[in-house]
Amino acid sequence: GPSAHGPNTNDNQYHFMPLDTEAFNTNKKYFEKVSSNKIKIFHEGYYRIDMRTITHNTGGQGNHVETWLNGERLHLSHSFNMGGATEWRRHATSVVAKVEADSDLQVRVYCENSVRSYCWHNQGAGYSRLTVMRME
């Protein structure tokens with residue numbers, strides 16, 4: 001996941017989430033981080049892709065999170081408030097997909113037009129995490 005907060009922006013644009021910290025990789029034979037925001041999946045198969053983060057907004061409808069595979073959107077997640085009148089929103093995605101060999105995986109977060117918006121939170125795996133699991 002990310003090692004720093006996302007941009008403090010209201011630019012109404014998507015931003016790729018950096019994947020510059022790695023908790024663990026149990027088998028680099030199947031996938032590996034190949035750039036600051038991209039994971040390469042080396043072997044064809046079915047993969048479960050789980051992602052979660054929280055975002056900070058002080059207005060608007062909330063942010064969207066997209067899971068991308070080979071430059072195309074695979075999954076779209078909408079946020080929901082974390083309770084009450086909070087300015088924090090939670091995103092969670094879980095998708096199982098058939099993935100071809102040598103595929104690229106990325107995550108994008110939409111930063112909406114609000115007074116202030118952290119596009120993602122960095123305070124460890126409790127806040128932002130991407131998990132990729134090969135289904136056997």
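The answer below starts with the whole chain and then moves to the rings and their strands.

Analyst: This is a predicted model, in which local features need pLDDT of at least 70, side-chain atom pairs count only at pLDDT 80 or more, and totals for chains, interfaces and linings use all residues. Residues are numbered from 1 along each chain as its sequence is written, and side-chain values use heavy atoms, with hydrogens and water left out.

First, the setting. The chain has eleven strands and zero helices. Both are DSSP runs numbered from the N terminus: a helix is H or I with at least four residues, a strand is E with at least two. Read from the N terminus, the order is β-β-β-β-β-β-β-β-β-β-β. Of the 136 residues in the chain, 41% are buried. Buried is under 20% relative accessible area, exposed is over 50%, and partly exposed is in between, using a 1.4 Å probe and protein chains only. The chain exposes about 7100 Å², and carbon and sulfur atoms supply 46% of that. The areas come from the Shrake-Rupley method with a 1.4 Å probe; for residues, only the protein chains shown count as cover. Among contacts with a separation of 6 or more, 70% are between residues 24 or more positions apart. A contact means heavy atoms within 4.5 Å.

Now the rings. Searching the whole structure gives two aromatic pairs. The rings considered are those of Phe, Tyr and Trp (its six-membered ring); they pair if their centres lie within 6.5 Å, with planes under 30 degrees apart called stacked, over 60 edge-to-face and the rest tilted.

Take F16 and W68. Their ring centres are 5.7 Å apart and their planes meet at 85°, so this pair is edge-to-face. It links distant parts of the chain: F16 sits in strand β1 (residues 13-16) and W68 in strand β5 (residues 64-69), 52 residues apart. F16 counts as partly exposed because its relative accessibility is 30%. W68 has 16%, so it counts as buried. F16 also has a charged neighbour. R108 lies over the face of the F16 ring, 5.8 Å from the ring centre. That label requires NZ of Lys or CZ of Arg within 6 Å of the ring centre and within 35 degrees of the ring normal.

What about the other pair? F31 and Y47 are edge-to-face, with 6.3 Å centre to centre and 70° between the planes. This pair also links distant parts of the chain: F31 belongs to strand β2 (residues 31-35), Y47 to strand β4, and they are 16 residues apart. F31 is buried because its relative accessible area is 13%. Y47 is at 0%, so it counts as buried too.

Leaving aside residues within four places in sequence, F31 is in contact with N25, I39, K40, I41, F42, Y47, V132 and R134. One of these, I41, is the bridge partner of F31 in β3. Four bridges join β2 to strand β3 (residues 38-41), and the two run antiparallel. Strands count as paired if DSSP finds at least two bridges between them. β2 and β3 form a hairpin with two residues between them. Elsewhere in sequence, D102 is 71 residues from F31, yet their C-alpha atoms are separated by 8.9 Å.

Five of the six residues of β5 are buried, leaving the strand mostly covered. Six bridges join β5 to strand β6 (residues 72-78), and they run antiparallel. T67 stands opposite H75 in β6. These strands also form a hairpin with two residues between them, and N70 in the turn has a positive phi of about 55°. G71 is in the loop between β5 and β6. G71 is partly exposed because its relative accessible area is 45%. The C-alpha atoms of G71 and L105 are 8.1 Å apart, for a gap of 34 residues along the chain.

D50 lies in β4, which covers residues 45-57. D50 counts as buried because its relative accessibility is 17%. Its side chain makes a polar contact of 2.6 Å with the side chain of S94. A polar contact is a pair of N or O atoms within 3.5 Å; within protein, one must be able to donate a hydrogen and the other to accept it, and residues adjacent in sequence count only if both atoms are side-chain atoms. Not counting residues up to four places away in sequence, D50 touches T93, S94, V95, R129, L130, T131 and M133.
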